[in-house]
Amino acid sequence: MSKNAGIIGVETVEEHEDGSADYAFHMDAHARGLLAEEGLRLVLYCAAAKLDMGLVYDFIADHMRYEKDDRFDEYGNYGENNPPVSSKGSWDSQDKTEDLT
């Protein structure tokens with residue numbers, strides 16, 4: 001890991017019935033400073049270009065590329081032709097589960 005990188009982690013995830021979710025993050029002071037710097041840079045660039053930040057976020061969302069995971073069907077269910085999911089962290093000839101982490 002680079003000395004210049006901060007540490008950011010997901011603390012909690014609360015999923016809602018409408019498909020949205022609330023996330024809480026924890027981070028070190030260095031990561032907080034880097035995020036503040038990048039956020040300010042985005043605001044200043046948008047202001048200089050007279051561009052609404054919402055348009056920037058929409059542009060990014062429109063250009064995201066998602067890779068399809070063939071292990072899951074279109075509803076997000078794990079497929080019947082795939083091994084069961086395990087949180088173990090290993091795969092060997094005796095354990096026919098798959099670690100998704």
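Leaving aside neighbours within four places in sequence, Ala5 is in contact (heavy atoms within 4.5 Å) with His30 and Leu34. Ala5 sits in the segment before strand β1, which covers 8–15; helices (H or I, at least four residues) and strands (E, at least two) are DSSP runs, numbered from the N terminus. Between Ala5 and His30 there are 25 residues in sequence, yet their C-alpha atoms are 7.6 Å apart in space. Ala5 has a relative accessible area of 35%, so it counts as partly exposed; on this scale, buried means under 20%, exposed over 50%, and partly exposed in between, with a 1.4 Å probe and protein chains only.

The model is a predicted one, in which local features need pLDDT of at least 70 and side-chain atom pairs count only at pLDDT 80 or more, while totals for chains, interfaces and linings use all residues. Residues are numbered from 1 along each chain as its sequence is written, and side-chain values use heavy atoms, with hydrogens and water left out.

As for the overall layout, the chain holds two helices and four strands, and from the N terminus on they run β-β-α-α-β-β. Of its 101 residues, 7% count as buried. Take the contacts between residues at least 6 apart in sequence: 17% of them join residues at least 24 apart. The accessible surface of the chain comes to about 9,000 Å², with 55% of that belonging to carbon and sulfur atoms; such areas come from the Shrake-Rupley method with a 1.4 Å probe, and for residues only the protein chains shown count as cover.

Now for the helices. Helix α1 (residues 29–48) packs against helix α2 (residues 53–62) at an angle of about 110 degrees, with the axes 9 Å apart. The two helices are therefore roughly perpendicular to each other, a label given to angles of 65 to 115 degrees. Where they meet, Leu42, Val43 and Cys46 of α1 face Met53, Val56 and Tyr57 of α2. By class, this contact has six nonpolar residues, no polar and no charged ones; Ala, Val, Leu, Ile, Met, Phe, Trp, Tyr, Cys and Pro count as nonpolar, Asp, Glu, Lys and Arg as charged, and the others, Gly among them, as polar.

Lys50 belongs to the loop between α1 and α2. Its phi is near 50 degrees, a positive value in a residue other than glycine. Lys50 counts as exposed because its relative accessibility is 77%.

Technical notes: Axes fitted to C-alpha atoms, helices over the stretch in contact; angles between N-to-C directions. Parallel < 35°, antiparallel > 145°, perpendicular 65-115°, else oblique.
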